[in-house]
Amino acid sequence: MLIGHKIKNLRYNRKLSQEELASLLNISQKQYSLIESNQTKITFERLQKIAKVLGLSDEEYFELVKEKTKSISEKGDLISGFKINLGL
């Protein structure tokens with residue numbers, strides 16, 4: 001399953017609308033819609049914020065990270081993403 005679909009399922013299970021979650025993330029509903037439909041790249045920083053807002057367990061978060069890393073085609077993006085998460 002693609003990362004956007006996983007995020008959509010997590011949002012749906014928490015009974016939030018796209019508009020509500022987008023507001024909590026300080027982005028427009030349109031921007032959020034692009035994430036769920038896999039029409040935009042999601043940064044590790046944004047993924048981390050989504051996880052926090054949704055109150056994801058460590059297991060749920062790492063499933064999203066795993067899915068994100070599958071979709072990265074350039075090693076440079078992967079390394080820089082992990083550096084951001086580690087605060088380097």
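This is a predicted model: local features need pLDDT of at least 70, side-chain atom pairs count only at pLDDT 80 or more; totals for chains, interfaces and linings use all residues.
Q: What does L34 touch, not counting residues up to four places away in sequence?
A: L34 touches Q39 and T40 once those neighbours are set aside. A contact here means heavy atoms within 4.5 Å. Residues are numbered from 1 along each chain as its sequence is written, and side-chain values use heavy atoms, leaving out hydrogens and water.

Q: Thanks! Where does L34 lie?
A: L34 lies in helix 3, which covers residues 29-36. Helices (H or I, at least four residues) and strands (E, at least two) are DSSP runs, numbered from the N terminus.

Q: And is L34 buried, partly exposed or exposed?
A: L34 is partly exposed, with a relative accessible area of 25%. Buried means under 20% relative accessible area, exposed over 50%, and partly exposed in between, using a 1.4 Å probe and protein chains only.

Q: Let's zoom out. How many helices and strands does the protein have?
A: It has six helices and zero strands. Read along the sequence, the pattern is α-α-α-α-α-α.

Q: What share of the residues counts as buried?
A: Of the 88 residues, 33% count as buried.

Q: Helix 2, then. Which of its residues are buried?
A: Q18, L21, A22 and L25 are buried in helix 2. Seen down the helix axis, these buried residues fall within an arc of 100°, so they line one face of helix 2. That arc is the one spanned by the directions from the helix axis to the C-beta atoms.

Q: What covers those buried residues?
A: The cover includes helix 1, helix 3 and helix 4.

Q: What happens just after helix 2?
A: There N26 takes a positive phi of about 60°. N26 lies in the loop between helix 2 and helix 3, and N26 is exposed, with a relative accessible area of 65%.

Q: What about K15, what is its phi?
A: K15 has a positive phi of about 55°, although it is not a glycine. K15 is found in the loop between helix 1 (3-13) and helix 2 (18-25), and K15 is exposed at 73% relative accessible area.

Q: How many residues are in the largest nonpolar core?
A: The largest nonpolar core has 19 residues, and those with the most contacts inside it are I7, Y32, I42, L47 and L64. Such a core is a set of buried Ala, Val, Leu, Ile, Met, Phe, Trp, Tyr and Cys residues joined through side-chain atoms within 4.5 Å. Helix 1, helix 2, helix 3, helix 4 (44-54) and helix 5 (58-71) each give two or more residues to this core. Helix 4 provides the largest share, five residues.

Q: Why would such side chains gather?
A: In soluble globular proteins, nonpolar side chains tend to be buried together.

Q: What is I42 in contact with, leaving aside neighbours within four places?
A: I42 is in contact with I3, I7, I35, L47, I50 and K68, with those neighbours left aside.

Q: A lysine on that list! Is K68 buried or exposed?
A: K68 is buried, with a relative accessible area of 7%. K68 lies in helix 5. Beyond four places in sequence, K68 is in contact with I3, I42, T43, F44 and L47.

Q: Where does K68 lie relative to F44?
A: K68 lies over the face of F44, at 5.3 Å from the ring centre. A charge sits over a ring if NZ of Lys or CZ of Arg is within 6 Å of the ring centre and within 35 degrees of the ring normal.

Q: Last one: how far apart are K6 and L64 in space?
A: They are 7.4 Å apart, C-alpha to C-alpha, and 58 residues apart in sequence. K6 lies in helix 1. Leaving aside neighbours within four places, K6 is in contact with M1, E63, L64 and E67.
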